[in-house]
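Dear colleague,

Please find below the structure that I am handing over to you. My notes on it follow directly after.

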Amino acid sequence: MNRSFSLFGGLALAMSLVLSTAARADDYKSDPVHSFVVFDVHHLNAGFVYGTFVGPTGDITYDPDDLSKTKFDLSVDTDSIDTRNENRNKDLKGPDFFDAKQYPTLTFKSTSVKKTGDNTMDVTGDLTVRGQTKSVTVSMEMTGTGTGMRGETRTGFQTSFTIDRRDYGMTADPEPVIGNTIHIIVAIEAIKQ
Amino acid sequence: MPFTASQILTGMVLPAALLGIIGLLVWRPWKRDAVKDFRWIFGPLTAGAFGIAYWTFEPKPGWPPIGNVVYLLFYFALVAGILSLADAILKPPLWLRAGVLLLAWRLAVRLLLASQVPRNISETSAELWIDFLSAAVLTWWLTFENFAERAPGVTTPLLLAAVAGVSMILLLMDLHIQSSGALAGGLTGLSIAAAVLGFCNSRIAFSRGLAQTVVLILLLVLVHGYFYTDDDLTPGREIRAGILLATPLLAFSGDLAPVRRLRPPLRLAVRAIPVVLALAFVAVWAAREYARADQAAPAMQDE
């Protein structure tokens with residue numbers, strides 16, 4: 001009896017080890033409280049205006065050993081834009097810019113991930129803003145892994161990239177009033193599921 | 001400055017110049033005795049000129065028009081141009097014209113509101129809005145067509161220019177939508193160009209052509225602005241929009257019994273003056289509110 005039990009236990013242990021090795025791709029959910037989308041844009045060729053969105057929210061599948069299994073499926077609530085000026089926020093939410101009533105979310109869905117360094121990768125994906133989808137490639141860094149207050153595993157990702165707002169139909173207030181190039185920083189803290 | 005000089009030239013001046021030049025070449029107002037009825041040209045011409053304005057200020061329209069509701073403004077302008085052309089050539093009875101126009105309008109408004117139902121507007125509210133806006137478009141259309149039919153020449157395009165100009169002010173200052181304001185500005189330019197034509201020859205007719213096309217496009221631009229602005233629709237803004245919408249009703253003052261006895265030019269003045277006064281009131285009120293908010297803005301930033 002003991003022998004058969006230890007045989008069974010050994011098999012189970014071996015199987016779990018094999019399975020855990022094969023299933024290194026871990027699923028994460030973005031923690032919007034500890035994640036940020038920050039952007040800046042040139043104003044009148046003078047200073048820079050900064051703004052934020054809440055989030056992003058969404059799912060990440062991350063496999064450090066096989067990045068081809070890594071996926072990012074993120075979205076940002078358009079209505080959450082904040083530039084520390086209520087009138088400007090309303091303008092940005094209106095039809096001239098993000099058109100929040102028609103397009104309540106901005107989304108990013110990765111289509112391929114390529115390793116570029118120990119903790120860095122090039123993530124190519126579809127960025128949808130104002131209903132217009134363009135393929136973008138961003139350089140993403142895995143910024144670290146830690147343990148949360150409840151023992152959960154948290155992993156950070158960060159990227160910085162630029163887009164041309166005209167590619168997404170945002171042509172109001174043309175340069176030099178508002179620069180065409182928007183610099184965006186996305187910092188995500190994701191909780192392992 | 002919200003628009004570049006090149007945008008203003010391409011989106012406002014060029015369409016107006018095209019309408020004016022082509023209208024001039026077709027109508028030849030200097031040949032006063034030999035004027036044929038070329039009003040059919042104004043439907044497609046207005047729609048085409050508006051298309052240039054749209055192309056300047058809005059995203060390139062995709063097909064089918066489901067990616068962005070703003071595409072509807074472009075396609076509906078084409079429909080309005082074709083409807084006006086059919087009205088001018090086929091001369092259908094009024095009830096048939098109104099019926100077809102309402103069908104096209106209701107479809108356009110339904111599609112325009114679709115992305116907000118049921119998220120921001122319930123289905124019942126949307127239906128009520130569509131009915132209300134159908135009544136509004138019918139009133140505007142009847143008023144301006146009536147004007148254009150009874151008084152060819154400069155009067156109708158001048159009134160249209162005033163309505164489109166005030167719409168531009170409301171879209172820019174009340175609803176804070178530059179692109180929609182620019183489109184209304186484009187329609188103002190087209191109406192002014194037509195007014196110049198009408199001034200050159202008072203026999204140039206704008207019914208079944210320019211008046212109908214401008215009214216249909218302008219109202220849809222206003223509806224889009226009203227439903228898609230992210231600015232708070234304060235009571236003041238609602239009242240100003242309501243007055244603008246009701247303004248054409250004032251033109252029916254010319255049908256009051258005592259006014260009917262007046263000579264046609266006086267009767268026309270009785271029709272036009274209340275409309276212009278109401279529009280001026282709305283424009284001045286909106287501009288004052290805008291200036292007040294602009295002055296308050298730095299204080300808010302300091303906070």
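Among contacts in chain A between residues at least 6 apart in sequence, what percentage join residues at least 24 apart? The figure is 51%, where two residues are in contact if their C-beta atoms, placed from the backbone, lie within 7 Å.

Please note that this is a predicted model, in which local features need pLDDT of at least 70, side-chain atom pairs count only at pLDDT 80 or more, and totals for chains, interfaces and linings use all residues. Residues are numbered from 1 along each chain as its sequence is written, while chains are lettered from A and ligands numbered from 1 in the order in which they are written.

Chain A

Chain A contains 2 helices and 10 strands; these are DSSP runs numbered from the N terminus, helices being H or I with at least four residues and strands E with at least two. Their order from the N terminus is α-β-β-β-β-β-α-β-β-β-β-β. Of the 193 residues in chain A, 26% are buried. A residue is called buried if 20 or more other C-beta atoms lie within 10 Å of its own, exposed if 12 or fewer, and partly exposed in between, with C-beta atoms placed from the backbone.

Chain B

Chain B has 11 helices and 0 strands. Its radius of gyration (taken over C-alpha atoms) is 19 Å, close to the 19 Å from the globule rule for 303 residues, so chain B is as compact as a globular protein of that length. The globule rule is 2.2 Å times the number of residues to the power 0.38. The C-alpha trace of chain B spans about 70 × 45 × 45 Å along its principal axes. In chain B, 47% of the 303 residues count as buried, and 79% of contacts between residues at least 6 apart in sequence join residues at least 24 apart.

Helix H3 of chain B covers residues 71-90 and reaches 29 Å from its first C-alpha to its last, close to the expected 28 Å (1.5 Å times one less than its number of residues). Because 14 of its 20 residues are buried, H3(B) is largely enclosed by the rest of the structure. B:Lys91 follows H3(B) and has a positive phi, near 50°.

The interface

Between the chains, 17 residues of chain A are in contact with 21 residues of chain B. The chain A side comprises 4 nonpolar, 6 polar and 7 charged residues; Ala, Val, Leu, Ile, Met, Phe, Trp, Tyr, Cys and Pro count as nonpolar, Asp, Glu, Lys and Arg as charged, and the others, Gly among them, as polar.

Yours sincerely
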